[in-house]
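Subject: Handing over the structure

Dear colleague,

Please find the structure below, with the sequence beside it. I would be glad if you kept both open while you read the notes that follow.

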Amino acid sequence: MYGGSIASILIRTPGTPAAAATLLDGYPMGQKGEASRALSMSLWASFIGGLIGCGIMTFLSPQVSVFALKFSPAEYFALAVFGLSIIVSISGNNVIKGLMSGFFGLILCTVGSDPISGFPRYIFGQMELYEGPPFIPTLIGLFAVSEILSGVEKFSIGSTKITEKVTQILPTPADMKRCMVTICKGGLIGTFIGAIPGAGGDIAAFVSYGEAKRSSKTPEKFGTGMIEGVAAAESANNGCSGGAMIPLLSLGVPGDSVTAILLGAFIIHGLQPGPLLYKDHIDVVYMVFASLLISNIAMFIIGACGVKFFAKIIGMDKRMLLPIILVLSLIGSYSMRNSFFDVFLTLGFGVIGYLFQRYGFPLPPILLALILGPMAESNLRRELVISQGSPAIFLQQPIALFLMGLAVISLLMAYVSQRKVAKRVAAAAGGDETNTTDKK
């Protein structure tokens with residue numbers, strides 16, 4: 001997962017959906033000339049988070065998989081609601097505009113086929129939209145293309161060039177100490193969310209980011225270049241890699257799309273993942289454990305060698321860099337389905353993202369809604385079908401009730417945090433006015 005953070009930090013383009021939370025603080029750090037610091041922390045957090053996921057996968061796979069197996073549609077819906085509650089935390093200073101962005105993302109989720117009946121909704125005869133707006137082109141448009149348009153505008157009014165002096169390839173001891181608790185929490189969150197089939201690293205990263213902001217003494221600084229934000233997101237999405245292996249090896253149920261491909265590889269070789277895999281092919285299981293550990297070490301070595309080269313990208317001449325990013329973004333959009341429709345969709349969302357930013361509407365809530373909206377709708381509908389339309393079933397599921405409670409607590413704490421920040425800003429403004437009056 002570490003590779004996805006490089007583009008997030010340097011050019012505000014998530015290399016993978018799981019790296020989307022990384023850009024919230026990683027990109028502002030890069031714009032302040034701290035790209036190498038952000039990249040080195042991303043590498044360190046990815047390495048530690050990956051080791052945590054690997055360790056739990058090695059020693060606690062059966063226990064964690066039993067817990068993950070208890071998730072029914074009610075629990076998935078509650079998890080999605082808990083994730084959506086983080087919108088308040090990532091909305092910046094204007095919660096109302098953040099919520100409006102989130103609702104816009106949820107509206108986009110209604111485009112496509114109905115998750116239960118399969119009836120097409122709001123596709124206007126475009127069969128390319130039958131499965132909803134394609135996620136990767138939408139992601140590239142909202143973040144990469146919109147940033148290119150903003151960059152062209154800033155360049156036209158004579159913006160200053162970012163100078164990045166690479167002084168480190170690993171975090172300083174002070175940064176390691178500062179972020180270690182956040183990294184450990186992120187690794188645990190990522191592992192357990194990854195063990196829930198169908199969840200994934202993108203959800204884990206946002207949940208971990210929200211927890212890091214909630215527990216911070218300076219939550220108002222998140223989104224402006226806090227290194228803890230980078231550490232939380234990267235440790236969680238890398239911990240998710242080991243977590244997603246847990247249900248695959250223990251139950252034969254893939255935890256995400258990557259392990260689904262791995263399930264096919266096992267079957268091709270005549271191996272059936274599940275409880276009998278531990279009994280009949282324990283040597284293969286040990287090799288899987290070892291390969292994940294070795295891959296984390298290899299990632300750390302390769303990443304450490306590349307930090308100083310990656311960070312130099314941000315200092316390139318914008319007249320050269322922006323066209324290259326645009327071309328690569330459009331190639332990436334086209335390559336997903338070999339469709340020019342996706343290219344035009346990317347450009348359209350780029351304009352939408354640019355206008356949202358221009359008028360102060362944050363983009364991360366849209367992304368979070370696009371990730372969690374389909375999960376919330378489909379599982380809500382399934383659970384209501386099972387309960388014959390009775391919403392009381394959500395109160396009868398302990399895990400779902402617990403997650404709903406966490407969502408309420410998250411909203412309340414975010415509201416209290418926003419009030420404290422507003423009072424602190426007002427007090428600072430009042431102090432500045434007093435000082436000005438005294439000087440006069």
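Which residues do ring pairs link into a cluster? They are Trp 44, Phe 47 and Phe 300, where rings of Phe, Tyr and Trp (its six-membered ring) count as a pair if their centres lie within 6.5 Å.

Before going further, please note that this is a predicted model, in which local features need pLDDT of at least 70 and side-chain atom pairs count only at pLDDT 80 or more, while totals for chains, interfaces and linings use all residues. Residues are numbered from 1 along each chain as its sequence is written, and side-chain values use heavy atoms, with hydrogens and water left out.

Aromatic pairs

A pair of aromatic rings is described by the distance of the centres and the angle of the planes. The search of the whole structure finds 9 aromatic pairs. In one of them, the ring centres of Phe 47 and Phe 300 are 4.6 Å apart and the planes stand at 35°, so the pair is tilted (planes under 30 degrees apart count as stacked, over 60 as edge-to-face and the rest as tilted). Because Phe 47 lies in helix α3 (residues 35-68) and Phe 300 in helix α12 (residues 282-310), the pair ties together parts that are 253 residues apart in sequence; helices here are DSSP runs of H or I with at least four residues, numbered from the N terminus. Phe 47 is buried, with a relative accessible area of 14%, and Phe 300 is buried at 17%, where buried means under 20% relative accessible area, exposed over 50% and partly exposed in between, with a 1.4 Å probe and protein chains only.

The rings of Tyr 209 and Phe 222 form another pair, with centres 5.6 Å apart and planes at 80°, so this one is edge-to-face. Tyr 209 belongs to helix α8 and Phe 222 to the loop between α8 and α9 (227-251), so the parts tied together are 13 residues apart in sequence. Tyr 209 is buried, with a relative accessible area of 2%, and Phe 222 is buried with 7%.

Two serines in helix α1

Ser 8 lies in helix α1 (residues 3-11), and Ser 5 is found in helix α1 as well. Ser 8 is buried, with a relative accessible area of 0%, and for Ser 5, also buried, the value is 0%. The side chain of Ser 8 reaches the backbone oxygen of Ala 19 at 3.0 Å, whereas the side chains of Ser 5 and Ser 42 are joined by a polar contact of 2.7 Å (a pair of N or O atoms within 3.5 Å; within protein, one must be able to donate a hydrogen and the other to accept it, and residues adjacent in sequence count only if both atoms are side-chain atoms). Leaving aside neighbours within four places in sequence, Ser 5 is in contact (heavy atoms within 4.5 Å) with Ala 19, Thr 22, Ser 42 and Glu 234.

A helix contact

Where does α9 meet helix α10 (residues 257-268)? Ala 244, Met 245, Leu 248 and Leu 249 in α9 meet Thr 259, Leu 262, Leu 263 and Phe 266 in α10. These residues divide into 7 nonpolar, 1 polar and no charged, with Ala, Val, Leu, Ile, Met, Phe, Trp, Tyr, Cys and Pro counted as nonpolar, Asp, Glu, Lys and Arg as charged, and the others, Gly among them, as polar.
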